[in-house]
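Hi there,

Here is the structure I promised to pass on. Have a look at it first, and then read my notes below.

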Amino acid sequence: MGKSNDVTKSGGVIRRLAPAPKPSKARNKHDVFSAQKRSDIMKQVRSTGNKSTELKMIEEFKKRGIKGWRRNSKLIGHPDFIFPKLRVAIFVDGCFWHGHDCRNTKPKDHREYWQAKIARNQARDQESTERLRRRGYLVIRVWECEFKRAKSEELEDRLRPLVETYKQFLVGQSSK
Ligand SMILES: [Zn+2]
């Protein structure tokens, strides 16, 4: 029973979902899925979960010689990575929960239920991006599917502002 809750706990890519119905009585009432269906959905989400994409992100930083990231930031919206000195915040968004318009992210069953949930996440994402920007952060949001080889150019484009910011930072350091 605890399983579905694990997935929706905060931290990482899947974060701050609307609270799941807690008391067991209420749970049955709200549980629109069969146990099997729920487990299938959660498996699907888990298999593309944040752990591996976060590690992939770190590989991308290393490839570009970029250092100085921090994980598990408590900053607005809980970015997956921040670069405190560069004032850069990076989110790695799961395609399903954050509503990317790519393959396999449109559930056929219970469309309205999922769409409402995803729409809430998107509104929250947008709000945290705006709030961070107002605080002077460069905000980069990367879709998890962009880590695939076929989409490496998109990832390159996505990370370019980080690379540029890092270069400028290094120049600033060396002229001190
Ligand atoms: Zn995607």
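A word on naming before anything else: helices (H or I, at least four residues) and strands (E, at least two) are DSSP runs, numbered from the N terminus. Residues are numbered from 1 along each chain as its sequence is written. Please keep in mind that this is a predicted model: local features need pLDDT of at least 70, side-chain atom pairs count only at pLDDT 80 or more, and totals for chains, interfaces and linings use all residues.

**Overview and confidence**

The chain has six helices and four strands, and from the N terminus on they follow the order α-α-α-α-β-β-β-α-β-α. The predictor's confidence in each residue is given as pLDDT, from 0 to 100. The average over the chain is 80, and 70% of the residues score at least 70. Among the elements, helix 1 (residues 3-8) has the lowest mean, 40, while strand 2 (residues 81-83) has the highest, 97. Over residues 1-17 the pLDDT is below 50, and it also stays under 50 over residues 21-29.

**The sheet**

Two strands pair if DSSP finds at least two bridges between them. Here four strands form an open sheet in the order 1-2-3-4, with mixed pairing. Strand 1 (70-71) and strand 4 (138-143) stand at the edges with a single partner strand each, so one side of each is left without a neighbour in the sheet.

Strand 3 (residues 88-93) and strand 4 pair in the parallel sense over six bridges. There, Phe91 has Arg141 as its bridge partner, and Val92 stands opposite Val142.

**What is buried**

For burial I count C-beta atoms, placed from the backbone: a residue is buried if 20 or more others lie within 10 Å of its own, exposed if 12 or fewer, and partly exposed in between. Buried residues make up 22% of the 176 residues in the chain. How many of the six residues of strand 3 are buried? The count is six of six, with Val88, Ile90 and Val92 on one side and Ala89, Phe91 and Asp93 on the other.

A nonpolar core is a set of buried Ala, Val, Leu, Ile, Met, Phe, Trp, Tyr and Cys residues joined through C-beta atoms within 7 Å. The largest one has 20 residues, of which Val88, Ala89, Ile90, Ile140 and Leu162 touch the most other members. Strand 2, strand 3, strand 4 and helix 6 each supply at least two residues of this core, and the largest share, five residues, comes from strand 3.

Two residues are in contact if their C-beta atoms, placed from the backbone, lie within 7 Å. Leaving aside neighbours within four places in sequence, Ile140 is in contact with Val88, Ile90, Arg158, Leu159, Pro161 and Leu162.

Angles here run from 0 to 180 degrees between N-to-C directions, with axes fitted to C-alpha atoms, for helices over the stretch in contact. Helix 5 (residues 111-134) lies across strand 3 and strand 4, at about 150° to strand 4. Helix 6 (residues 152-174) packs on the sheet too, touching strand 3 and strand 4, and its direction makes about 155° with that of strand 4.

The buried residues of helix 5 are Asn121, Asp125, Ser128 and Leu132, and what covers them includes strand 3 and strand 4. An α-helix has 3.6 residues a turn, so residues three or four places apart point the same way.

**Loops to look at**

His78, in the loop between strand 1 and strand 2, has a positive phi of about 50° although it is not a glycine. His78 is partly exposed, with 18 other C-beta atoms within 10 Å. His110 sits in the loop between strand 3 and helix 5, with phi near 55°; it counts as partly exposed because it has 13 C-beta neighbours inside 10 Å.

Just after helix 5, Gly136 takes a positive phi of about 90°. Gly136 is exposed, with 7 other C-beta atoms within 10 Å. The C-alpha atoms of Gly136 and Arg87 are separated by 7.1 Å, although the two are 49 residues apart along the chain.

Best wishes
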